[in-house]
Amino acid sequence: MSIVTVQLGQCGNQIGFEVFDTLFSDSHSSQGLCSKKENEAYQASCKERFFREEENGVPIARAVLVDMEPKVINQTLSKAARSGQWKYGEHACFCQKQGSGNNWAYGYSVHGPRNEESIMNLIQKEVEKCDSLSGFFIIMSIAGGTGSGLGAFITQNLQDQYSNSLRMNQIIWPYGTGEVIVQNYNSILTLSHLYRSSDALLVHENDAVHKICAKLMNIKQISFSDINQVLAHQLGSVFQPTYSEEGSFHYRRNPLGDLMENLVPHPEFKMLGIRNIPQMSENSLAYSTFTWAGLLKHLRQMLISNAKMEEGIDWQVRPPISGLPALGKMSLKKELRFNTSIANLVILRGKEVQSADLEGFKDPALYTSWLEPDTAFNVWKTQRAFNRYEKSAALVSNSQFLIRPLDMIVGKAWNMFASKAYIHQYTKFGIEEEDFLDSFTLLEQVVSSYSNI
């Protein structure tokens, strides 16, 4: 089944390019661990999901590119064309001459309704080229104007027009130190709207990815391209094909549906995070060897201590002992330490994958009391390596990982709102104070729900 990707704003378009480039490069690299037949099956499965064929044989990304300024879209199109390996559809882009000025309301209330018909027509044309549609993967930031405001608007439209198809939004969480003075307003408005119209929010925090570039990739001058390549590696490790069941060599048909089924058991809880292990520079990779036992021990501790990367894991954090209160149940005023999960999916790729022992992830102490570990934990595997890593593991987790960042964004936005700072920039485009209050209420409920699992 195919996934149609919608790339929104500068952030969404730059990440989208890196994602397609990673998916294509990985699927066309020869992996010595696999037979030619299996490599071909993997390639075909990846292509069905993310690419379609054109007459001249160059695969076309199943994507629609949207931005309110032409510069980034033009750069993205030419980068894809220069690669010579794949490209975007000739008529799969929409841009205008004027951006949203980092104003969510302008993206949502002005650009959205004004350009709704043109954008939805482009999406419909891409959908019609799929034999079978799994759903939509929408890439956007939550802090700016176009990606966040227009992104929320388009996601609502997708919910209305394709109610039977799944919607997963990959969202970029802003740097804590701030890029835009109104980023907390933009973020709460985006998140509250997406919570109503999306099936799952796959969150990447800029601060965490920046740290991975600095500490694990050893990059001195970190660019957006470096950050986007780390994001693309993490997303590729989740979306590339895996076997449909234990012992099978058939690849799974409906990755988006399977992800949602495994990870979003209740509509109140739809925040997902990704962790990858190992993650390192290409230079280091050539001199490194890994065991499944070592990788999975680290990955489990990253999960329970809420570490975003393997460096600096807090090994003191332990699951709660039965009958005693878990540290994770404390109020937000105290330190949240143990990261309780609702659902986890581990994806293993590479050599001797069948020998990996995952018992540590089946411990009931890791999960909320209202789900059995058999339901809450799933594993996907393939012996085909990913992106030149002989062995690699990805963890997609629905857990308490985002409580603190979300609470901080809501708190900062509330402090600004209480003093009426910058509210006029939103009300002049039709967003009322009531809309802000609705957003605060919804997100405070999300924080409360996750705090109490």
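**View 1. Residues lining the largest cavity of the predicted model.** Val203, His204, Glu205, Ala208, Val209, Ile212, Gln234, Gly273, Ile274, Arg275, Lys308 and Phe401 line this cavity. A cavity is a set of points, on a 1 Å grid over the protein atoms alone, where a 1.4 Å probe fits but cannot get out, and lining residues have an atom within 4 Å of a point. The volume of the largest cavity is about 120 Å³, a volume being the space filled by probe spheres set on the points, with grid points joined across faces, edges and corners.

**View 2. Elements and residue classes around the largest cavity.** At least two lining residues come from each of strand S9 (200-205), helix H7 (206-216) and strand S10 (271-277). Helices (H or I, at least four residues) and strands (E, at least two) are DSSP runs, numbered from the N terminus. The lining comprises six nonpolar, three polar and three charged residues; Ala, Val, Leu, Ile, Met, Phe, Trp, Tyr, Cys and Pro count as nonpolar, Asp, Glu, Lys and Arg as charged, and the others, Gly among them, as polar.

**View 3. The second largest cavity.** Its volume is about 50 Å³, and its lining consists of Met271, Ser399, Gln400, Leu402, Ile403, Leu406, Val446, Val447 and Tyr450. Helix H13 (403-418) and helix H15 (433-451) are the elements giving two or more residues to this lining. H15 provides the largest share, three residues. By class, the lining has seven nonpolar, two polar and no charged residues.

**Notes to the views.** The model is predicted: local features need pLDDT of at least 70, side-chain atom pairs count only at pLDDT 80 or more, and totals for chains, interfaces and linings use all residues. Residues are numbered from 1 along each chain as its sequence is written, and side-chain values use heavy atoms, with hydrogens and water left out.

How values were computed. 1 Å grid on protein atoms, 1.4 Å probe; cavity = no way out; pocket = protein on both sides within 12 Å on 5 of 7 lines; lining within 4 Å.
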